Amino acid sequence: MSIALDQVTKRYQSVPVVNDVTLSIEQGEFLVLLGPSGSGKSTLLRAIAGLTEIDHGRVSLHGRDVTGVPAREREVGFVFQQYALFRHMSVAANIEFALRVRGVRAAERRARRKELLRLVALEGMDERLPSELSGGQQQRIAVARALAHRPQVLLMDEPFGALDAKIREELRRTIRQIQRELGIATILVTHDQEEAFALADRIGVMHQGRLLECGPPDELYSRPATRFVATFLGAANLLLGYRAPEGVRFTAGTSTDAPPREVVAVLRPEEVELATTASSVQSTFVGYGEVQEVLFGGSIERLRVRMPADGPVPAAPGRDDGTGSLMEVSRTLPQQRLFPVAVGDRVAVGARRVHVLPTPISSFTILAPDDARMRTLRDTPFLATLAERMQTRVASSTGEACRVPAGMPVVSTGTGSAAQVEGLMRQGAERLLCLPPGALPPDHVLIFVQEAAAQDATLAVAASLLRHIPAEAVYLGIYPEDGPEQSRTAALRELLDLRNTALERHGLDMRTELRAGDATTELLRQLVAHERSMLVIGQGSPDSLDWSGLAQLLEGPVQRPVLVVCSAGVARGGVR
Amino acid sequence: MAGGFRRPSVLPGFGLTFGFTTFFLSALVLLPLAALVVKASSLTWHEFVAVMLDERAVASYRLSFGAALVAAVVNAVFGFVVAWSLVRYDFPGRRLVDAVIDLPFALPTAVSGIALATVFSPTGWLGQKLALVGVQVAYTWLGVVVALILIGLPFVVRSVQPALVEVQRDLEDAAETLGASPWQVFRRIVLPAVMPAVLTGFTLAFARGIGEYGSVVFISGNLPFKTEITPLLIVIKLEQYDYDAAAALGFIMLAMSFVMLFAINLVQAWGRRRQVAAGR
């Protein structure tokens, strides 16, 4: 392993900008860290180089722990966006800088310089000053300079950011070639997905300080696990669909005996099929729409099709302004020739291939007896923040009727809430969020599983939640106080295994704690101890849930957000 | 453009601006100086040499130029340090310190002189303490240096500050990842970048130090041959109605200052050429 990061966290004024990143890069691998600005990718890169100290975690380079080692002793090559060439020095002096400070003899320095200039194809530029070179040439010199001391890893912070498109592409090719030739582990930071696809062996997508997903480009594109990656890496239509025996359908079914299983489906623009009528659509029919915009772009035609308000439901909020949602479509020339369309045409839309996100939270549906209480719940900072970060739709249903909605039900805590929860669970709701009015986003998430069968589903929900909220996760193991001594050691071992499973299967990094005593008392004690805490509680079936305990949590004097998971099965859609 | 020094510029009216430049330089700098030269030339060569090489005068040159040089060197070093801490660190009261730097500019020099004399006199707050270790500042050449440091500090700080702001942090980071120690980063990256500015500040402080009068006369004690600066000597000549000798001394100061400042400017121009070639 060339570069190994273990739970690296960096905070600025207690706000984490790099949050718990664990990652390893093999010798010779080219990793591209991709993310919007402010996602923490540059900070992470600087942390690897030692230019930024980290608050938590470890950094190892070639098996050597360098967490506390200053940058000058880490043997890394770093390339900056603005080149950072020493302007008062010639090209030769720039390239030789690393060797000069190491006291390497002149003859040796010269030989290495010639070699590097050949590598970046700028022979004979030795005596020029940086200001006499073009931007592209300057960045090549910066690369040569960064490689002079034969570093073990090469780190590049948006190296093409200041260059125009044509030079960018050329330099991209050069860098890829050099990297292959030297077999050096490389991390490049960029916000340009095209660049990431062109260079990467693996892409790591960062968002709000977290490394959301990491994998080969084609895999991340075709099988993303999160909404953010699905929409950030290429264009995507995110739709709410329903799981059906034949796959995913986008039209509501007729059977009402079981609540429909809602999923978030990723429909890439190129996988959208357009046809004249529903019957001529060869793939899964989505609905009828009206062509609103046609952009000719050379080999590819880009269209926007407006779907009616009662058509397919977009999974992200804000895409629906009451007049329906827009579907992004792209078609190749042969497809255009087969079925030419123009603005205003009515077309049937089909989905050739959809990818179902393995997210256990597809959407929220607020259940409230009246409008006022619905609005209170909707405006709760907890729900508003979560929905915004997760890009999740929040629907609502008012009235006394207590039917299980397709999305995750959201109810208020307080008197009568335990009964309401029980009713929903007995009707088949598998996940349920109970919020005290005005609840803030948590910074402490307590996870407790009452029945081992529910473990996987509970961890999946908790992981999905924690991917979007920067909070500490604590898994609480509770064993009876009067039990034999062996039960304690067994419980301890179990907790350790569980921690590994959570990390490997769900990418969930959590602390584990073991306590003796009564579960409800202990949970209450822990929830009271942290003002902004919440509970994720898991149970196999509604029959075995401790309802009186839950009532204490939901209706007692101290109310915290509680997410109840009631599922004996494995997390659905676990494609990852 | 073929030949001529008129080059197109974004600012209009080269003729106008050049005219103003010539006028102001002539009316405010060159004409009075010319008057000085004319006045001095009323002496015969012999008389002039006698005034110039008078023992008391020579001692005063030594003090004026020597103290100004020492003070300018001290200011170059510590002014840099002050500018560095103002630019690179954010500490409570930074803005206040930043404002205090300019005070010597605003204060009447006599006021700073009297204040310094009070503090450094053998009975003053600092003078008392220094007397214990056998150092006397007031009424010695040290006092002159102290006064000139106070007067010259803002020149260095205000010259270096903007140059330091311009040194990209990236450059230092780059040097660090390449294996440079903090000293090497400073010596090879930061210093070359701000050196022209330090030199400018040094020149300004030095020039100001040579001509300073108000603050020095109160702390120096004005002992002939010991703590008497040339400007004071000129005033003394004036008070004795010896206008010709005063003009001669003035002319000598003028000539020496001009030679030194011109030399420093040459050095700077050379440094700037390197900097410009390096495309700041």
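**Sheet and chain contact in a predicted model**

Modeller: Strand 7 (residues 153-157) and strand 8 (residues 185-190) of chain A pair in the parallel sense over five bridges; strands pair if DSSP finds at least two bridges between them, and helices (H or I, at least four residues) and strands (E, at least two) are DSSP runs numbered from the N terminus. This is a predicted model, where local features need pLDDT of at least 70, side-chain atom pairs count only at pLDDT 80 or more, and totals for chains, interfaces and linings use all residues. Residues are numbered from 1 along each chain as its sequence is written, with chains lettered from A and ligands numbered from 1 in the order in which they are written.

Colleague: Turning to the contact between the chains, which helix of chain B gives the most to the side that touches chain A?

Modeller: Happy to say! The contact takes 21 residues from chain B and 19 residues from chain A, contact meaning C-beta atoms, placed from the backbone, within 7 Å. Helix 9 (169-177), helix 10 (182-211) and helix 13 (243-277) of chain B each supply at least two residues. With six residues, the one that gives the most is helix 9 of chain B.

Key. Contact = placed C-beta atoms within 7 Å.
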